[in-house]
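Thanks for making time this morning.

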Amino acid sequence: MSTHILGLETSCDETAASVVRDGRTILSNVVSTQHDLHERFGGVVPEIASRAHLERLLPVVRAAIADAGITLSDIDAIAVGNRPGLVGSLIVGASAAKALAWSLNKPLLGVDHVQAHLYAASLYPQSEIQDLKSEIAYPALGLVVSGGHTSLYAVRSTLSMRVIGRTIDDAVGEAYDKAAVILGAGYPGGPNIDKLARQGTADPRKFPRSMLGKESLDFSFSGLKTALLYAVRGTPLGRGKDARFERDHTALSEPERADLAASFQHAVVATLLKKIERAMDQLGETGERPNAIIVGGGVSANSLLRERLYAYADSTDTPVYLPDLAICVDNAAMIAGLAHAKLQAGQTDDLTLPVIATTAMH
Ligand code: KG4
Ligand code: ZN
């Protein structure tokens with residue numbers, strides 16, 4: 001008998017629902033993005049996000065059930081991303097999940113969104129032949145690169161991991177989104193910079209790579225962002241909020257914009273790869289040498305990062321697990337998938353499940 005879990009995800013600006021079979025096969029993956037609602041404010045407006053989740057969640061859930069070709073009575077458990085995120089947004093998903101679990105009399109599972117990003121690489125689209133993917137051999141090194149997180153983990157199992165490095169300022173996705181504003185690449189930032197970068201030529205010496213000392217596994221992207229800002233706009237005249245610039249991205253030719261995007265992308269990806277190498281070495285020295293690398297989060301869709309990770313896998317004989325492109329960014333399949341492992345481990349929740357703004361994965 002297979003197990004069907006319905007997952008809900010409302011932590012930020014995507015309203016998502018998905019049905020996953022046996023923690024492996026995605027039967028449906030419905031995502032309603034709110035990008036259009038927030039674009040003109042230059043960031044996610046929490047009140048608008050909560051209201052939109054409220055309007056969209058039930059139609060999204062109905063679509064996820066219908067796409068999966070099942071009915072509500074076939075669902076064995078309800079999972080919801082209950083942390084981290086915008087509290088008002090999380091409440092919408094958690095309340096709906098509780099109501100569904102209570103009315104269907106099925107288990108409820110709260111899932112950490114960041115941990116779920118690392119589970120995404122274990123999921124298959126329904127069309128894929130299952131035995132092609134191998135099981136992850138733990139211990140593994142985990143890297144979450146999203147709009148809110150850039151962290152490295154020593155992963156002991158699907159449900160057990162500890163943070164070994166994190167960003168001390170901007171998350172890498174955030175750096176991409178800001179780079180897109182600086183280069184006038186529009187919204188969504190990450191994919192647009194990725195595309196623009198592919199049309200340019202990277203100068204590896206153009207931008208700094210912040211390594212934060214010889215041993216550090218932490219990340220810093222704010223220096224790179226400032227270096228890009230000055231490269232595009234020139235040296236600022238004045239300081240702080242009174243700073244004015246000589247020009248903006250409209251003064252650049254298309255090839256110049258593309259080259260800057262390529263150099264930015266090169267610096268980001270080189271930094272991520274360097275920290276992965278360091279983490280592999282350091283864990284090796286303590287007897288925890290990872291057998292695999294698992295990557296997740298929106299930036300794991302990045303074309304250069306994927307290319308470099310696969311090259312690293314080849315040259316070091318270390319398998320690298322990356323999510324399918326459709327489930328790199330926020331989705332509910334990763335929530336339903338990870339929930340299956342929690343269900344098997346007996347880690348269910350009750351109707352007092354809280355929503356929490358921060359991750360448990362510090
Ligand atoms: O995981 P995610 O959907 O949301 C968070 O949990 O934060 O990640 C969204 C982030 C955004 O910052 C977006 O610009 C970035 O992922 N992103 C990319 C690419 N696709 C999405 N960054 C670089 N290259 C991409 N192809
Ligand atoms: Zn996310």
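This is a predicted model: local features need pLDDT of at least 70, side-chain atom pairs count only at pLDDT 80 or more; totals for chains, interfaces and linings use all residues.

Arg257 is buried, with a relative accessible area of 10%, where buried means under 20% relative accessible area, exposed means over 50%, and partly exposed is in between, taken with a 1.4 Å probe on protein chains only. Its partner in a salt bridge is Glu254, at 2.7 Å from N to O, and Glu254 is partly exposed at 49%. By salt bridge I mean a side-chain nitrogen of Lys or Arg within 4 Å of a carboxyl oxygen of Asp or Glu.

Because they sit three residues apart in helix H8 (residues 254-285), Glu254 and Arg257 are separated by about one helical turn; helices here are DSSP runs of H or I, at least four residues, numbered from the N terminus.

Side-chain values use heavy atoms, with hydrogens and water left out, residues are numbered from 1 along each chain as its sequence is written, and chains are lettered from A and ligands numbered from 1 in the order in which they are written.

Now, which residues are linked in a network of salt bridges? They are Asp170, Glu174, Lys178 and Lys225. Within it, Lys178 meets Asp170 at 3.4 Å, N to O, and Lys178 also meets Glu174, at 3.5 Å. Lys178 is partly exposed at 30%, whereas Asp170 is buried at 8%.

By this rule, the count comes to 10 salt bridges.

Terms used: Helices (H or I, at least four residues) and strands (E, at least two) are DSSP runs, numbered from the N terminus.
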